[in-house]
There are 2 protein chains.
Amino acid sequence: MNLEQLVLLIDQGEQATLQDTVASYRPIDLAESMEKLDQERQLMFVTLLTPTSAAEVIEQLMPLHQYSILHRLSAKKAAAILREISGDVVADMMLAIHRHQAVNMLKLLPDEYRTKVEMLMTFPEDTAGSLATVDYISARGKWTAEQTLKHIRKVGRTAKFTSYIYVIDAMGVLLGVVSLKNIIITQPSTQLEQIIAPAVSVSAWMEQEETAELLSRYDFVAVPVVDKQLRLIGVVTVDDVIDVMREEATEDIHKLGGSEPLENSYFQTSTFQLYRKRIVWLLILFVAEAYTGNVMRHYETTLSEVIALSFFIPLLIGTGGNTGTQTVATLVRALAMGEVQFKDIFKVVRKELTTGLLTGLSIAIIAFARAWMLGVEYNVGLVVGITALAIVIWASLVAAVLPLLLHKLKADPAVISGPFITTLVDGTGLVIYFTVARLLLQL
Amino acid sequence: MNLEQLVLLIDQGEQATLQDTVASYRPIDLAESMEKLDQERQLMFVTLLTPTSAAEVIEQLMPLHQYSILHRLSAKKAAAILREISGDVVADMMLAIHRHQAVNMLKLLPDEYRTKVEMLMTFPEDTAGSLATVDYISARGKWTAEQTLKHIRKVGRTAKFTSYIYVIDAMGVLLGVVSLKNIIITQPSTQLEQIIAPAVSVSAWMEQEETAELLSRYDFVAVPVVDKQLRLIGVVTVDDVIDVMREEATEDIHKLGGSEPLENSYFQTSTFQLYRKRIVWLLILFVAEAYTGNVMRHYETTLSEVIALSFFIPLLIGTGGNTGTQTVATLVRALAMGEVQFKDIFKVVRKELTTGLLTGLSIAIIAFARAWMLGVEYNVGLVVGITALAIVIWASLVAAVLPLLLHKLKADPAVISGPFITTLVDGTGLVIYFTVARLLLQL
């Protein structure tokens, strides 16, 4: 929405006009416009909206911003809006603010709903439980389709997720699931237990990444979350799963780039945070790479005898690094997507060695030609060609084995970044180069 | 499902037992087990299933495999199953097989449904139209909730997507959308046009990546697809969007690793394909990096006078590459997520230069210490430290500007891979190094 238009609507203060205009915009678009307003107008805007719309807009904000608006509203208004906000969003907000602020705000919720939200707050971050929302509809197996529809008419207005109805027993244990469509299609007198399907559920303590994988594998729009007694405690919906998948992909890309992943978006990350995320790995890699100095010094006499050897150092170790980076990127992603597992290690190594042999031979020919073009001795050209082949194969092997090994050790394979493999291959590549040189040039 | 158990069930050939057992498994799990069976048993298995279950299992296979099963079934059986397969999956299969095979297979579909599928087949790959399914339910604005529910009872059994009902006019133009829940909650006599919400729709020619972004931004479970006359032609559902998002992230990771993206999963890609995807960029980068040989030769006398300078070459250019790779990874992802745009270029450059200054200073101190440890002259240590600072800042600048520039030029910023930026920074880094050395050491 146009910012000027929004300011005008707020300043006029006509509730009906504003609500009418706002109806044709999506909550996220309204939230983004609202964030550009001054505090007073933000408060005015929220007050003029219906509680439902206000809740939808507030849901799109960051937790602290959500709280800063809600706590400045009248208790009655805040309570009306809070009740309409998704349970998982409320739980996240409560966890982001100070404990006594949370206690005060939670008092605004009806008892039963508050209990559910408080339970969601107990699950560790990055688990299915922490993603789950409580705005679903549950029913009993003995209920008929007609009874269930009546129930939906009663409680459905506040429920966010209604595509599936979850059937539970008296203890709250999840028995199965029925789609809303099937409840409509069946005879009104059919009992739910006759049309129930077995539900795939996840434990509240399952990692969010694994939950996302499961939902994506089965093409679900939601998956029920159960506690240790298999009681239904919430539902993880696909929109949250998409956010998780985007976050995970971002993390892997940052890690593969050799940096600690950023927790916020680029511009929300301060320069100092950016520095801290990067300097850790830069220093580790610097110290590791510093070892190349020892290698070079060790071969100082070889180098001073044939100074032309130095011409090819950046080229040869660069090519090793490039090969390693390619392989690592492919394998880290394949591991993340579940395409490759540790038990495939021999298949992977064979595939990468064969590919490395092919690319290495291609590169070796060009490397020899390049040496010839630079006008160095024939023998030095041979050393460069052979080293190119050896380094490419070596880089392929290291880059094939390390990510699989890390995955096996339950570490994140994305730690084996491009810069990491480059650093590793640089030092060892130099040793290969000088060894080949000494052998062939009889130094 | 356990493979032996499945073989046993198929060989016994008791339809009821098999259908009962299969009911507690998900289609993708069944499909994966089925793929391990011999051809005859695969056919037997599909024949023993209900058409609905068979369709769900077949949907999970690759298009050519789908066809190889369907065309060996009796026409009647094939027709029954084909009708139950999602329209978008049928369209993809038809596009994968030979034209006259497709014509024969399409004949098995009822006329009206065939027309819809044939239309889906006209949209280019990677567009919203090619992702769209036709198994949704549409209604008219004048219909009451009661009439609509009656309609759903009639056509709902074959519809895959029923969470939202799409309201169209007599020409098929999309007027808006009503959730199934709201149809149930409202008075039976309410006309849909009274409870309709404006629908966000996408053009059939919108790129699938953009469609995925839109659906993710608005937390939708589906988005309607319209043609140029704004007529509803299908619906893109969130499960397809998740697949698109995974593919796009994989592509970006492969590109950032300096390789052409693989089109299939790791083990589905042959060694030769892997070679072809990688050798292109390896050769380009090799030729680009070969330029470092000229730089080195140019400074041959400097090098031979102070051979200790060569000790730090891998370290210094390695650090430049690492810095560049970190920055590029962050920015390419931020561009893909829409967090950063070209108009932010000055903000980005300022942020990266400041961060580069901080990391550069940290690295410079360690580099100076490292030179001292290697026992080289004080002046050489100073050259190494100053060069480290300069290279880090230079790498930050290049890595900040290039991805934004490519994005502006409508090219894919992920082409600026880690290896690309490393190669670029290697050659220029050497020039910086030798220039600093000549100035400070008066060579």
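This is a predicted model: local features need pLDDT of at least 70, side-chain atom pairs count only at pLDDT 80 or more; totals for chains, interfaces and linings use all residues.
Local features need pLDDT of at least 70 and side-chain atom pairs count only at pLDDT 80 or more, whereas totals for chains, interfaces and linings use all residues; side-chain values use heavy atoms, with hydrogens and water left out. Residues are numbered from 1 along each chain as its sequence is written, and chains are lettered from A in the order in which they are written.

**Domains**

Chain A has three parts: domain 1 (3–122), domain 2 (131–237) and domain 3 (266–441). These bounds come from an automatic or database domain assignment. Taken over C-alpha atoms, the centres of domain 1 and domain 3 of chain A are 53 Å apart.

**Cavities**

A cavity is a set of points on a 1 Å grid over the protein atoms alone where a 1.4 Å probe fits but cannot get out; lining residues have an atom within 4 Å of a point. Grid points are joined across faces, edges and corners, and a volume is the space filled by probe spheres set on the points. The model has four cavities of 30 Å³ or more. The table gives two of them. In its class column, Ala, Val, Leu, Ile, Met, Phe, Trp, Tyr, Cys and Pro count as nonpolar, Asp, Glu, Lys and Arg as charged, and the others, Gly among them, as polar.

| Cavity | Volume | Lining by class |
|---|---|---|
| Largest cavity | about 150 Å³ | five nonpolar, 12 polar, two charged residues |
| Second largest cavity | about 130 Å³ | nine nonpolar, six polar, no charged residues |

The largest cavity is lined by 19 residues, and A:G321, A:N322, A:T422, B:G321 and B:T422 are the closest to its centre. Helices (H or I, at least four residues) and strands (E, at least two) are DSSP runs, numbered from the N terminus. Two or more lining residues come from each of α19 (313–336) and α22 (418–441) of chain A, and α20 and α23 (418–441) of chain B. The most come from α19(A), which gives six residues.

Around the second largest cavity are 15 lining residues; nearest its centre lie A:L256, A:G257, A:T325, B:L256 and B:G257. Here α20(B) gives the most, with three residues.

**The second largest pocket**

A pocket is an open set of grid points with protein on both sides within 12 Å along at least five of seven lines. The second largest pocket holds about 890 Å³ of space. Its lining has 27 residues, with B:E209, B:E213, B:L335, B:A336 and B:H407 closest to the centre. By class, this lining comprises 10 nonpolar, three polar and 14 charged residues. Domain 2 (130–237) and domain 3 (266–441) of chain B each give at least three residues to the lining.

**Aromatic and charge contacts**

Rings of Phe, Tyr and Trp (its six-membered ring) pair if their centres lie within 6.5 Å; planes under 30 degrees apart count as stacked, over 60 as edge-to-face and the rest as tilted. Over all chains there are 20 aromatic pairs. One of them, A:Y218 with A:F220, has ring centres 5.4 Å apart and planes at 40 degrees, so it is tilted. Another, B:F123 with B:W205, is edge-to-face because its planes stand at 80 degrees, with ring centres 5.1 Å apart. A:Y299, A:Y433 and A:F434 form one aromatic cluster.

A charge sits over a ring if NZ of Lys or CZ of Arg is within 6 Å of the ring centre and within 35 degrees of the ring normal. A:K116 lies over the face of A:Y136, 5.7 Å from the ring centre. In chain B, the charged end of B:K116 sits over the ring of B:Y136, at 5.7 Å from its centre.
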